[in-house]
Amino acid sequence: MLTATYILVSLSVEQASIRLSLLAFQKYMHVQLRHQSQLSLAQLQYAGDWLNRLYQGGYWRKVEMYLIPAIRQAAPHADGLLNELNGLNHAALESINVVQQRAGAAIDHSELQAGQLCAAIDAFCAALLQRLEKEERELFALARKVIVGEAWFAIAYQFLAHDARAQEARRGKAQVLPFVLPAPLQAAGGSAETAADGAAFTLPVPPQPLRAQA
């Protein structure tokens with residue numbers, strides 16, 4: 001069915017955008033931390049904030065908002081696969097908690113290792129990348145089998161309405177947040193570099209740690 005193909009191609013484009021965001025963030029942080037053994041509070045705050053943004057952005061994906069509910073309605077037996085996908089989300093969430101807990105605690109630089117932060121970021125990205133792969137390989141195939149007829153047209157209508165709202169809000173906050181390279185981070189014990197216009201790069205205050213729910 002052409003409608004189903006349109007929907008799944010649209011979802012694949014969305015998946016590719018998120019995958020690029022994750023990989024860009026992961027690469028940037030590795031470059032920044034490559035020659036460091038200790039971390040600054042600013043670096044932990046920055047990493048925790050971006051991990052949180054990338055994680056929360058997943059809930060605004062069309063897969064989460066429209067395709068998964070349609071699959072749940074059409075195939076109650078799909079709970080096994082959906083639980084696996086949720087498990088990968090929880091794994092990513094735990095990595096955020098590790099970073100944010102360290103940022104919120106009293107800092108003892110002797111215990112903070114850049115390698116530990118890189119490992120948390122790698123675990124976060126690996127979990128979400130694995131989820132994206134499982135969605136494309138298994139969830140999309142399941143959708144073709146269990147969603148039929150008018151249900152595909154209903155999803156397509158939701159997609160069009162979603163895109164129209166996103167276009168109206170394009171100048172506001174984006175629903176799928178891309179990773180944009182910031183000015184260089186402040187190294188532990190060093191001074192912050194400035195952006196090209198001479199303004200100092202400031203890092204956002206991290207949100208409260210997220211907690212996985214059973």
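Is glutamate 138 buried, partly exposed or exposed? At a relative accessibility of 28%, glutamate 138 counts as partly exposed, where buried means under 20% relative accessible area, exposed means over 50%, and partly exposed lies in between, with a 1.4 Å probe and protein chains only. The structure is a predicted model, in which local features need pLDDT of at least 70 and side-chain atom pairs count only at pLDDT 80 or more, while totals for chains, interfaces and linings use all residues. Residues are numbered from 1 along each chain as its sequence is written, and side-chain values use heavy atoms, with hydrogens and water left out.

The overall architecture comes next. The protein chain contains 6 helices and 0 strands, and its pattern along the sequence reads α-α-α-α-α-α. These elements are DSSP runs numbered from the N terminus, a helix being H or I over at least four residues and a strand being E over at least two. Of the 214 residues in the protein chain, 40% are buried. Among contacts between residues at least 6 apart in sequence, 87% join residues at least 24 apart; contact here means heavy atoms within 4.5 Å.

Helix 1 (residues 2–33) and helix 3 (residues 62–74) have axes that come within 11 Å and cross at roughly 145 degrees. Such axes are lines fitted to C-alpha atoms, for helices over the stretch in contact, and the angles run from 0 to 180 degrees between N-to-C directions. The crossing of helix 1 and helix 3 is left-handed, a term used if the near helix is turned anticlockwise from the far one by less than a right angle, whereas clockwise is right-handed. On the side of helix 1, Ser10, Leu11, Glu14 and Gln15 take part, and they meet Lys62, Val63 and Leu67 of helix 3. The residues of this contact divide into 3 nonpolar, 2 polar and 2 charged. In this division Ala, Val, Leu, Ile, Met, Phe, Trp, Tyr, Cys and Pro count as nonpolar, Asp, Glu, Lys and Arg as charged, and the others, Gly among them, as polar.

Helix 1 also holds isoleucine 7, which is buried with a relative accessible area of 0%. Not counting residues up to four places away in sequence, isoleucine 7 touches Trp152, Ile155, Ala156 and Phe159. The C-alpha atoms of isoleucine 7 and tryptophan 152 are 8.1 Å apart in space, although 145 residues separate the two in sequence.

Leucine 128 is buried, at a relative accessible area of 12%. Its contacts, leaving aside neighbours within four places in sequence, are Leu22, Asn89 and Ala92. Between leucine 128 and leucine 54, 74 residues apart along the chain, the C-alpha separation is 9.6 Å. Glutamine 116, also in helix 5, is partly exposed with a relative accessible area of 38%. Glutamine 116 lies 10.0 Å from leucine 39, C-alpha to C-alpha, and the two are 77 residues apart in sequence.

Charged side chains form another theme. Side chains of opposite charge can pair when their charged atoms come close. The structure holds 12 salt bridges, each being a side-chain nitrogen of Lys or Arg within 4 Å of a carboxyl oxygen of Asp or Glu. In one of them, glutamate 64 meets arginine 61 at 3.9 Å, N to O. Glutamate 64 is buried at 18% relative accessible area, and arginine 61 is buried at 4%. A second salt bridge joins aspartate 79 and arginine 72, with the closest N and O atoms 3.5 Å apart. Aspartate 79 is partly exposed at 37%, as is arginine 72 at 39%.

Glutamate 138, with which this account opened, forms a salt bridge with arginine 137, the closest N and O atoms being 3.0 Å apart. Arginine 137 is partly exposed, with a relative accessible area of 47%. Salt bridges that share partners join Glu84, Glu133, Lys134, Arg137 and Glu138 into one network.

Finally, the cysteines may be considered. The structure holds 0 disulfides, a disulfide being a pair of cysteine sulfur atoms within 2.5 Å. Cysteine 118 is buried, with a relative accessible area of 10%, and cysteine 125 is buried at 0%.
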